[in-house]
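Biologist: Please give me a close look at a single part of this model. Start with the whole, then zoom in.

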Amino acid sequence: MSQDAFRLISPDGTESELPVHKGTTGPDVIDISRLYREQGVFTYDPGFMATGSCSSDITYIDGEEGVLMYRGYPVEQLAKHSSFIEVSYLLLHGDLPTAEQLEEFDQTIRRHTMLNEGMLKFFNGFRYDAHPMAILSAVVGSMSAYYHDSLDSSNPEERDIFAHRILAKLPTVAAAAYKLNIGQPFMYPQNDLNYTENLLHMLFAVPAEPYEMDEIAAEALDLLFILHADHEQNCSTSTVRMAGSSGANPYSAIAAGISALWGPAHGGANEAVLEMLQEIGHPKHIGKFVDKAKDRDDPFRLMGFGHRVYKNFDPRATIIREMAHKVLARLGRQDTPLFDLALELEQVALKDEYFIEKNLYPNVDFYSGIIYRALNIPTSMFTVMFALGRSVGWTAHWREMIADPTGRISRPRQLYTGPTQRDYVAVADR
Ligand code: SDX
């Protein structure tokens, strides 16, 4: 038996040697691709708790150590020294850009921020109070109806054009959704503004008066986008890979990822955290909600706590918590009761046996909403902000998946528990 293999012996004695593949760091994987052929069985792992769906060079997470790296760079260093545009280049191309490459990439993104004018008509078809995530997924899916010159995923140049369009246009779509919700005119992108300044301008400027840029807000958003940019094979990224694996056009794959992110167990948690904090209302009610979260018969969960991978602190939550302090202080936000309530809730939960035993720590969504709120971004837009940051991660994974010469359509199997064969009975005899 080769040293890098697991031997499997079935109950009837049939032996299989299952090869082990080693990555550059992190757990090895057992290749089970011949298991069904040799043993007539499938593996079974609902929720894919211990299943590697692919190999990837993009992001590494160590849940026990609280490590997150993009292309080998620790997220703490990127948060401190980089920008979202530079991190986007890193995720898409694999290395940090030279000054010249960064300038060219930045200019390319700035020049792809406008939408086809025909797409703006879509917004008139939505109810004014449509959830912006519904608008974002619908409009992004419709991009394949407009941008026919970037649908051939076998063409590397068209893959680049698609990547630039998604990164550049999502903020424009997101801001237009917000303007629809508040009944204000849509603001066109300004190419002389950087990525987050442009988003703030499209969100909060009005034609009636000059807009005064809030640099603190622009910096805070840039950092939040860096921290949300990618996260290995999470639910929405796996959805993008799954949709793209059928050869569906990349805009449709990203639209599928947006829909998956919307769930409260995933990216929708940041919106749910604020709603939960507002429902708790005062530190004296924290105990009641923590008890609800611990009650197995109560579906309530403490939103913003727990993570499939991090059984230690989510490194992003640590950075965001520190940033929340700075943003609230620099913005002179005295109305920080929600932040103070969040800090108190965190302390109570972290000392509670249930949360300690189940390794439930604050995750990326626990504090981000506090900052969005301090920047006057409405709760309904919180998951949209998550999608704006994650769009580059989805795109990087789609590109990696589509460029893999060994790639094939994703098609899991199942354990069938339904009725065995039975014959049809005429309705008169039922
Ligand atoms: C994101 O995957 C990613 O990388 C996601 C993400 C990314 O960047 O893409 O990091 C972003 O989605 C962060 C997670 C945001 N979601 C929330 O904050 C929602 C609240 N958290 C949970 O619903 C839950 O913790 C999950 C969904 C995040 C993780 O769920 P798992 O891994 O499937 O774990 P589980 O549901 O099996 O929970 C294990 C135990 C259970 O108790 P038992 O059945 O063992 O008795 O812990 C309990 C759960 O009941 N538990 C919680 C809890 N989270 C888990 N109990 C109370 N409150 C919680 N928040």
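Modeller: With 430 residues, a compact globule would have a radius of gyration near 22 Å, and the protein's 24 Å agrees with that. (That radius is taken over C-alpha atoms; the globule rule is 2.2 Å times the number of residues to the power 0.38.) This is a predicted model, where local features need pLDDT of at least 70, side-chain atom pairs count only at pLDDT 80 or more, and totals for chains, interfaces and linings use all residues. Residues are numbered from 1 along each chain as its sequence is written, and side-chain values use heavy atoms, without hydrogens or water.

Picture a box of roughly 80 × 65 × 60 Å along the principal axes; the C-alpha atoms fill it. Inside are 18 helices and six strands. (These are DSSP runs numbered from the N terminus: H or I of at least four residues for helices, E of at least two for strands.) Of the 430 residues, 48% count as buried. (Buried is under 20% relative accessible area, exposed over 50%, partly exposed in between, with a 1.4 Å probe and protein chains only.) The accessible surface is about 21800 Å², and carbon and sulfur atoms hold 51% of it. (The Shrake-Rupley method with a 1.4 Å probe gives these areas.) Take the contacts with a separation of 6 or more: residues 24 or more positions apart account for 69% of them. (A contact means heavy atoms within 4.5 Å.)

Now zoom in on α8, residues 195-204. This helix is mostly covered, with nine of its ten residues buried. Among them are Tyr195, Glu197, Asn198, Leu200 and His201. What covers the buried residues? The cover includes α3, α4, α7 (156-182), α9 and α18.

Look at two of these covering helices. The axes of α3 (residues 84-93) and α4 (residues 99-110) come within 10 Å and cross at roughly 100°. (Axes are lines fitted to C-alpha atoms, for helices over the stretch in contact; angles run from 0 to 180 degrees between N-to-C directions.) α3 and α4 are therefore roughly perpendicular to each other. (Under 35 degrees is roughly parallel, over 145 roughly antiparallel, 65 to 115 roughly perpendicular, and the rest oblique.) On the α3 side, Ile85, Glu86, Ser88, Tyr89, Leu92 and His93 take part. They meet Gln101, Leu102, Phe105, Asp106 and Ile109 of α4. Sorted by type, the residues of this contact are six nonpolar, three polar and two charged. (Ala, Val, Leu, Ile, Met, Phe, Trp, Tyr, Cys and Pro are nonpolar; Asp, Glu, Lys and Arg are charged; the others, Gly among them, are polar.)

Next, follow the chain past α8. The loop between α8 and α9 (215-228) holds Asp214. Is Asp214 buried or partly exposed? Its relative accessibility is 26%, so Asp214 counts as partly exposed. Setting aside neighbours within four places in sequence, Asp214 touches Leu200 and Leu331. Leu200 is one of the buried residues of α8. His201 of α8 is another buried one. Asp214 and His201 sit 13 residues apart along the chain, with 9.4 Å between their C-alpha atoms.

Last, follow another covering helix, α18. The segment after α18 (382-402) contains Arg408. Arg408 is exposed, with a relative accessible area of 73%.
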